[in-house]
Amino acid sequence: MADYTIKNLREVEDVAAEAGLSDSLEARFAHEDMGAEGTGFSFQVVKAGQRQPFAHKHGKAEEIYVVISGSGKLKLDDEVVDVARLDAIRIGPSVIRAFQAGDDDLELLVFGQRMAGDAEVVQDFSWD
């Protein structure tokens with residue numbers, strides 16, 4: 001058996017739809033579909049004009065986000081920055097982060113070390 005996997009990310013289950021968040025987000029976490037043991041990654045889409053419905057941070061894992069389509073804003077703790085196609089953003093574990101799409105869908109590839117239970121959702125994160 002070959003030691004590689006090819007998978008179209010649109011075929012990976014959209015957990016945002018399962019959670020009732022499909023109006024604003026797609027989230028396809030592909031590590032299991034790919035058989036990845038140490039690498040976590042996802043394909044995420046923030047719908048045009050929408051924000052991610054919550055922010056998050058990590059205990060130990062840093063993440064790298066790559067904007068593959070669209071543009072928008074990224075809030076990092078108390079700072080808001082513009083992001084656009086092919087921007088790569090490294091975010092340290094403790095930084096609280098959330099994305100907002102511009103006029104078009106904001107499509108992201110997200111990579112990081114796979115650490116089950118390392119993410120913490122931040123509900124009271126304000127863009128103001």
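This report describes the salt bridges in a predicted model.

## Overview

Side chains of opposite charge can pair when their charged atoms come close. A search of the whole structure finds seven salt bridges.

## Lys 7 and Asp 33

Lys 7 and Asp 33 form a salt bridge through their side chains, at 3.7 Å from N to O. Lys 7 sits in the segment before helix 1 (15–18), and Asp 33 is in helix 2 (residues 31–34), so the bridge ties together parts 26 residues apart in sequence.

Both ends are partly exposed. Lys 7 has a relative accessible area of 30%. For Asp 33, relative accessibility is 35%.

## Glu 62 and Arg 90

Glu 62 bridges to Arg 90, with the closest N and O atoms 3.1 Å apart. Glu 62 lies in the loop between strand 3 (55–58) and strand 4 (63–69), while Arg 90 belongs to strand 7 (residues 88–91), so the pair links parts 28 residues apart in sequence.

Glu 62 is partly exposed, at 38% relative accessibility. Arg 90 is exposed, at 52%.

## Arg 97 and Glu 63

Arg 97 pairs with Glu 63 in a salt bridge, and their closest N and O atoms are 2.5 Å apart. Arg 97 is in strand 8 (residues 97–101) and Glu 63 is in strand 4, so this pair ties together parts 34 residues apart in sequence.

Arg 97 is buried, at 1% relative accessibility. Glu 63 is buried too, at 12%.

## A network

Salt bridges also link Arg 10, Glu 26, Arg 28 and Glu 107 in a network.

Note on methods:
Residues are numbered from 1 along each chain as its sequence is written. This is a predicted model: local features need pLDDT of at least 70, side-chain atom pairs count only at pLDDT 80 or more; totals for chains, interfaces and linings use all residues. Side-chain values use heavy atoms; hydrogens and water are left out. A salt bridge is a side-chain nitrogen of Lys or Arg within 4 Å of a carboxyl oxygen of Asp or Glu. Helices (H or I, at least four residues) and strands (E, at least two) are DSSP runs, numbered from the N terminus. Buried means under 20% relative accessible area, exposed over 50%, partly exposed in between (1.4 Å probe, protein chains only).
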